[in-house]
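Welcome, and take a moment to look around before reading on. The paragraphs below will walk you through the structure step by step.

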Amino acid sequence: MRRRTASAATIVIAGVTLLLAGCSASSPGADVAATGSPVTGTVTVFAAASLKETFTKIGSQFEAAHPGVRVVLSFGPSSGLAAQLTQGAPADVFASASTTNMDQVVAAGDAAAPLTFARNVMEIAVPAANPAGITGVADLGSPGVKVALCQPAVPCGAVGAKVLANARITVTPVTQEVDVKAVLTKVGLGEVDAGLVYVTDVKTAGPRVTGVTIPADINAATSYPIATLTNAPNPAGAGAFTAYVLSADGAAVMGAGGFAKP
């Protein structure tokens, strides 16, 4: 894999730090990154599926702040995105739903100095009519209840497993999906009685899905780190976009989407 020089990567990382100091709601429209380079061209962002709604909005706001810049968003399971990046997929920014998957990219030398920008917790999603009468985590282990979970390697699968372990419940899912949005789709279509998803997904799911809150003493959370990529095709754009996510403007979008502060 062809890489940029270490000095270029260092400049991008330093640029993010400097831009954070000056990035606020009053100055989102600067058209020059802290690296001193103008923000132009396309910024390609690999982001966890659970970030779809918030990052779509952030991407639009970033484009408005930098006329002529285009943000291309690629959503999917963090584990799959990390694998693509370590295999050479071209991108500028990686936003993961798990520190584990970000660590894989960092260990491969494809990113450095990730920063956490949000947290998320789990919630039970059920069809709007809740035909199985799900009222809590214990019901997921009841005979005949059809449950959808994320695959174990996916962040929502790992966090969901922690919830079930905390509740001391064994669940045999009828399906294990590739990401949290796929679980939500199964629930919304009524193909399963319940699914373990993030609270943010229930918030954005619409009327076909209802949320059942998981008590804090058995719930589990995941942290979301973001980093510019070492061989980013657009290092100035990568640094500026990452800084925007970490700014007050980005935090406002994340909070409105139901994410907790890091």
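Predicted model: local features only at pLDDT ≥ 70, side-chain atom pairs only at ≥ 80, totals over all residues.

Residues are numbered from 1 along each chain as its sequence is written, and side-chain values use heavy atoms, with hydrogens and water left out.

The chain holds nine helices and nine strands; helices (H or I, at least four residues) and strands (E, at least two) are DSSP runs, numbered from the N terminus. Of the 262 residues in the chain, 49% are buried, where buried means under 20% relative accessible area, exposed over 50%, and partly exposed in between (1.4 Å probe, protein chains only). Take the contacts between residues at least 6 apart in sequence: 79% of them join residues at least 24 apart. Contact here means heavy atoms within 4.5 Å.

Let us turn to helix 8, residues 235-246. How many of its twelve residues are buried? Ten are, so helix 8 is mostly covered; among them are A236, F241, T242 and Y244. The end C-alpha atoms of helix 8 lie 17 Å apart, which agrees with the 16 Å that twelve residues should span at 1.5 Å a residue. That expected span is 1.5 Å times one less than the number of residues.

Next comes the meeting of helix 8 and helix 9, whose axes come within 4 Å and cross at roughly 55°. That makes helix 8 oblique to helix 9. Axes are lines fitted to C-alpha atoms, for helices over the stretch in contact, and angles run from 0 to 180 degrees between N-to-C directions. Angles under 35 degrees count as roughly parallel, over 145 as roughly antiparallel, 65 to 115 as roughly perpendicular and the rest as oblique. On the helix 8 side, Y244, V245 and L246 meet A248, D249, G250 and A251 of helix 9. These residues divide into five nonpolar, one polar and one charged. Ala, Val, Leu, Ile, Met, Phe, Trp, Tyr, Cys and Pro count as nonpolar, Asp, Glu, Lys and Arg as charged, and the others, Gly among them, as polar.

Helix 9 (residues 248-256) also meets helix 2 (residues 52-65), with axes that come within 9 Å and cross at roughly 150°. The two helices are therefore roughly antiparallel to each other. T54, F55, K57, I58 and Q61 in helix 2 touch D249, G250, V253 and M254 in helix 9. By class, this contact has four nonpolar, three polar and two charged residues.

Helix 5 (residues 155-167) has 13 residues and reaches 19 Å from its first C-alpha to its last, close to the 18 Å expected. Its buried residues include P155, C156 and L164. Just after helix 5, R168 takes a positive phi of about 55°.

Finally, look at two loops. S37 sits between helix 1 (6-22) and strand 1 (42-48), and counts as partly exposed at 32% relative accessibility. S37 and A236 are 199 residues apart in sequence, but 6.0 Å apart in space, C-alpha to C-alpha. G109 lies in the loop between helix 4 (99-107) and strand 4 (115-127), and its C-alpha is separated by 8.9 Å from that of L229, 120 residues apart along the chain.
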